[in-house]
Amino acid sequence: MSAISIKDVWKEYGDQIVLENVSIDIASRAFVALVGPSGCGKTTFLRMLLGQERPTRGTILLDGEPLPAEPGPDRGVVFQRYSVFPHLTVLGNVLLGKELRAARLSARLFGAARRQAVEEARSMIASVGLSGSEDKYPAQLSGGMQQRLALAQALVMRPKVLLLDEPFGALDPGIRAEIHVLMKRLWHDAPMTVVMVTHDMREAFTLATRVVAFERPRDRPEEKLRYGASITKDITIWPPRKAGEASLIRPDRDGPVPSQGH
Amino acid sequence: MRWINARPSNGARLALTLAPFALVLIAYAMGSAARLADNANDKLLPGFAGFAEAINRLAFVADPRTGDYILWADTLASLLRLSAGLGISTLIALIIGLLIGMLPYVRSLLAPFVAAVSMVPPLALLPILFIVMGLGEASKVTLIVIGVAPIMIRDLALKALELPREQIIKAETLGGNSWQIGLRVVLPQVLPRLLTCLRLQLGPAWLFLIAAEAISSDSGLGYRIFLVRRYLAMDVIFPYVLWITLLAVLTDYLLDRVRVAVFPWSDLEKQA
């Protein structure tokens, strides 16, 4: 289970109030899309869920426990850029999480443990459609393939929560549509809650179970500093989408996607 | 066509590359010939035959007094000092540079100090080194370290700081602790920069080496140049300077090859 509960959260940088009074409960296995104009604090909100930033006031609970102050293996992340390590091959990138977790000192695996981890990494790589590219470096991959790799790298850790910061914003529409299909399948298959920041309304409504809009209620120039953004719309997609279940009305669009290749 | 778009063909590129070298050689040959025509015993610009004779004497004939082949003995002595100095600098720079780049506490503690130390003119410290450490090898190696290490530390710390914050966060979400992130994420990405940094520091390292050897030594390339200066032995000095340059250029080239061979991704990143 991986429910997130956010209560009365404020975020201020010095005098600048970025977010005010944000409260939202995110159910386990939900897919929440955060939308809103630039500079309205969506990414700040995501960073607080990640543990990269701390709320100035308020509490964030993950499964009833306060969120740790640092990023950790229970929350995976994919950024728009720089999500993968340029000095590791595709296989090395996916393997890294396993190695970091298993070998505290050397951060490397050897022998049977390594073979097993490699096998698991390979099947993860196959499930995001990167089979055959295991020995390539990220610089040799296209933007879409790099984001697939970033997804595989995050998901091999089996995080409770997957945080996506405009992950597909830099991809062209055809590639984006393909990766949407993949994203849907991963969400149906893996037991995780997804929170995604996006600028693309179509993407938000295609993927999410719930679309949440952040906006500044007061946005006149003289008000900008002292009034932050808050949640102004909270739309549950209808007909409801449920992780792992086919939708009654549009099974082709909203149901689990039949997985190819494994 | 605009000049910014005009590119030389392969042949033209080779010719352009060689032209300045050839021009210097021709200019020297003409100057030398003119001076030798005036005075056959001129020492300032000896002819190429004079060079060949001097090189043969230094490199292929054992010194009658010591039995050494002077050029090779000098080269060995200098290269040992240089590699000791650069090796120690590299080790210090790698450890301190990474710590400054990764840990905010160490950055607060050491970054301003290293920045201040790197502004001390190393040659001004040479007398102190000679007084404190004596005239032996230690003071020469130390001079190279003092001259080179602070700049390498700053460069590597900058490189470590330059890594996108996203990568560090990502490594944290993969369960890495500070040590592991240093070992598997920061260190491997800093190493190619270390090799490049080492290449850029070759020039200063040779400068400090020759300065130290000139003042106090009984062997070494710098020592020899300053020794024969007393006899205006340009036929020795010129080949020695060329030899030092050649050694530096070769090291520079080899270090870059090593970078490409060991860290193939660092070249891919550049092209991307």
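Reader: How many residues does the contact take from chain A and from chain B?

Author: Two residues are in contact if their C-beta atoms, placed from the backbone, lie within 7 Å. In this predicted model, the contact takes 26 residues from chain A and 20 residues from chain B. The largest share of the side of chain A that touches chain B, four residues, comes from α2(A). By class, that side of chain A has 15 nonpolar, seven polar and four charged residues. Ala, Val, Leu, Ile, Met, Phe, Trp, Tyr, Cys and Pro count as nonpolar, Asp, Glu, Lys and Arg as charged, and the others, Gly among them, as polar.

Reader: What do the numbers and letters rest on, and which residues count?

Author: Residues are numbered from 1 along each chain as its sequence is written, while chains are lettered from A and ligands numbered from 1 in the order in which they are written. As the model is predicted, local features need pLDDT of at least 70 and side-chain atom pairs count only at pLDDT 80 or more, whereas totals for chains, interfaces and linings use all residues.

Reader: How do the axes of α2(A) and α3(A) cross?

Author: Two packed helices are described by the angle between their axes and the distance between the axes. Helices (H or I, at least four residues) and strands (E, at least two) are DSSP runs, numbered from the N terminus. Axes are lines fitted to C-alpha atoms, for helices over the stretch in contact, and angles run from 0 to 180 degrees between N-to-C directions. Here the axes of α2 (residues 90-102) and α3 (residues 111-127) of chain A come within 9 Å and cross at roughly 130°. The two helices are therefore oblique to each other; under 35 degrees counts as roughly parallel, over 145 as roughly antiparallel, 65 to 115 as roughly perpendicular and the rest as oblique.

Reader: Which residues of α2(A) and α3(A) meet?

Author: From α2(A) they include Val90(A), Leu91(A) and Lys98(A), and from α3(A) Ala113(A), Met124(A) and Ile125(A) are among them. The residues of this contact divide into 11 nonpolar, no polar and one charged.

Reader: How many helices and strands are there in chain B?

Author: Chain B has 11 helices and zero strands.

Reader: Which residues of α7(B) are buried?

Author: A residue is buried if 20 or more other C-beta atoms lie within 10 Å of its own, exposed if 12 or fewer, and partly exposed in between. In α7 (residues 165-173) of chain B, the buried residues include Gln167(B), Ile169(B) and Lys170(B). Their cover includes α4 (143-155) of chain A and α8 (178-215) of chain B.
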